[in-house]
Amino acid sequence: MASSFGAAQVLVASNRGPVSYAVADDGSLRSRRGGGGLVSGLSAIGPESGALWVCSALSDGDREAVRRGVGEDGVRMLDIPADVHADAYNGIANSVLWFVHHMLYQTPLEPVFDAEFRRQWASYETYNRAFAEALAEEAAEGAAVLVQDYHLTLVPGMLRELRPDLRIGHFSHTPWAPPEYFAMLPDDIARQVLRGMLGADRLGFLTRRWADAFTACCERFAGGLGDTRIGVHGLGADADFLRARSHEADVDERMAALREEIGEGRRTIVRVDRTELSKNIVRGLLAYRQLLDDRPEWRERVVHVAFAYPSRQDLAVYRDYTAEVQRLAEEINERYGTPGWRPVVLHVKDDFARSLAAYRLADVALVNPIRDGMNLVAKEVPVVSDAGCALVLSREAGAHEELGEDAITVNPYDVVQTAEALHEALSMRPEDRTERGKRLAAAATALPPARWFLDQLEALRG
Ligand code: F6P
C-alpha cells in the first residue's frame, strides 16, 4: 500500500518565508529572497536533505504566485485568505502576543479582551490549523518539524493530533512573559497557547531567562511541562558572511556618503533597528540629548547615527512611533545643531549595505531595548566595526546574558544613566576598547546560525 505521508524529512514553518513576490507593471512576478538566521541555518543542511519551508503568503504578489503555481523548490507558501491572515498576524500575533511577551501594554487602557478579540482569535486558530494541515500533508514518516515563533503557538498541538509519528520542535525568537504578565490573557486563551506549545517534543528559547519564564507559566497555568523538553540556543552572528559582505563595493560607497554626513574627525554613536515598539529608540534619542546637556564637551564632536527601518506599518501604533522618532531627531537637530554639525543623522529607509557601513564606522553601538529576545545588532556591530566599538547594552536584551561582561550595561528606562553610559563609552581608552571589542566579537559569534540550526535538529532527533 502506498504511504499517504509526504516526502519531506525536515520541515520549517514560519509566518514569513525566505522568498516574497511582487507583481511588476508588465504583470510578471518578481521574486526577492530574504536573509536572517533561519535562512542561513537551513542552508547548512544542503539542498539534498529533503527540507521544506512552509510559510504564509503575506502580500498580493505572494498570493498571485501561489495561484499561478510559481514557487521555489523547497518552499510551500500557503494562500491563507488576506482577512484571516490580517486578524491572525496584525490582530493577535503582533497586537496581543508580541505585546504580552515584550510587556508593552499601557495597562490603564489596554488590553481589552472583548468580542472583537474573540473573533480575531478564531482567525488565529484557522491560520494555525492551515499550517498544521500543510505540515501533516508534506512530512515523511518520523520527519522533524521546526515551528517558529508566537505566530504559530497552536501548531505543535494541532500537528501532534494529526501526525503522532513526527518529531515536533518549536523555537521562540522573542522573550517569554513572566507568569504575572502572561496572566493578563483570558484564562482559556493562556491555557490554549501553553497546551499548543506543549504539543511539541522540544521547545527552544534564545536565553535561559525566557525558557524559565515559559516553564513558570506552565507550572502556574498548565500543570507543568509534561514530557516536553526545553533547550536554550543563543543564536549568534554569522561572522564569515558579515565580514565578507561588509567589505563589498556598495558598503564602501555608503561609508563615503555617511562620512560626509558625519563630518571630519567626529565620533559616532550608532544604532540600527527595525522600528519595533520594544527597541526604545525614543529613549535612546532622549539619552543622547541628555548627553549633550550634561557633557557639552561632546557638542560638535559626536554624531548619533540612527537607522530606524519600517516594520509592521499596518499598525497605527507603529506608524505613530516612527513619527515620534523623526520628530525628536529633528527637535534635537534644531536645538543643538550648528551650520557645520548635524547632531543626529536619521535614516528610515531600509538599506542593508548602509547598515553595514554604519557598523564599520561605529565608535559606540547603542542597543537599549525595553525587552528583546536576543538582539542581533548587539552581536553584529562588534564583529564588523573597523576599530572595535564600545557597546552600550540594555540588561533586558537577551544578548546581555552573553555580552554583559564586556558591555556597558543600562536600565533601558533610565535616560540619565544611559547618557552617562554613552559618555563612558565615548571616553573609553583605545586599548580597553580594542580588548573588549575582541571579547565581544568572540562571544557574539560563539554559535553561528548553521550550528544553531543543526544543534536544534540533532536535539530533536536525539
Ligand atoms: O524581532 C524578531 C521577530 O519578532 C522574530 O521573532 C520574528 O521572526 C520577526 O520579528 C517577525 O517579524 P515580521 O513581523 O516583520 O515578520
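Contact here means heavy atoms within 4.5 Å. Helices (H or I, at least four residues) are DSSP runs, numbered from the N terminus.

This is a predicted model, in which local features need pLDDT of at least 70, side-chain atom pairs count only at pLDDT 80 or more, and totals for chains, interfaces and linings use all residues. Residues are numbered from 1 along each chain as its sequence is written, and side-chain values use heavy atoms, with hydrogens and water left out.

**Stop 1: helix 11 and helix 16**

Select residues 281–294 for helix 11 and residues 415–427 for helix 16. Their axes come within 8 Å and cross at roughly 65°. Axes are lines fitted to C-alpha atoms over the stretch in contact, and angles run from 0 to 180 degrees between N-to-C directions. So helix 11 is roughly perpendicular to helix 16 (65 to 115 degrees counts as roughly perpendicular). The crossing is right-handed: the near helix is turned clockwise from the far one by less than a right angle.

Now show side chains. R283, L286, A287, Y288, Q290 and L291 of helix 11 meet V415, V416, T418, A419, L422, H423 and L426 of helix 16.

**Stop 2: helix 3 and helix 4**

Move to residues 82–102, helix 3, and residues 115–138, helix 4. The two pack at about 110°, with axes 8 Å apart. That makes helix 3 roughly perpendicular to helix 4. This crossing is left-handed (anticlockwise instead). Helix 3 brings V84, H85, D87, A88, G91, I92, V96 and L97 to the contact. Helix 4 brings residues including F117, W121, Y124 and Y127.

**Stop 3: helix 4 and helix 5**

From helix 5, select V155, M158, L159 and L162. Among their partners on helix 4 are F131, A132, L135 and A136.

**Stop 4: the ligand**

Which residues surround the ligand? Select R16, Y89, W98, D149, Y150, H173, T174, R274, E276 and R312 (each has a heavy atom within 4 Å of it).

A polar side-chain atom of Y89 lies 2.5 Å from a ligand oxygen. For R16, a side-chain N or O atom is 2.8 Å from an oxygen of the ligand. For R312, the distance from a side-chain N or O atom to a ligand oxygen is 3.0 Å.

Conventions
Angles under 35 degrees count as roughly parallel, over 145 as roughly antiparallel, 65 to 115 as roughly perpendicular and the rest as oblique. A polar contact is a pair of N or O atoms within 3.5 Å; within protein, one must be able to donate a hydrogen and the other to accept it, and residues adjacent in sequence count only if both atoms are side-chain atoms.
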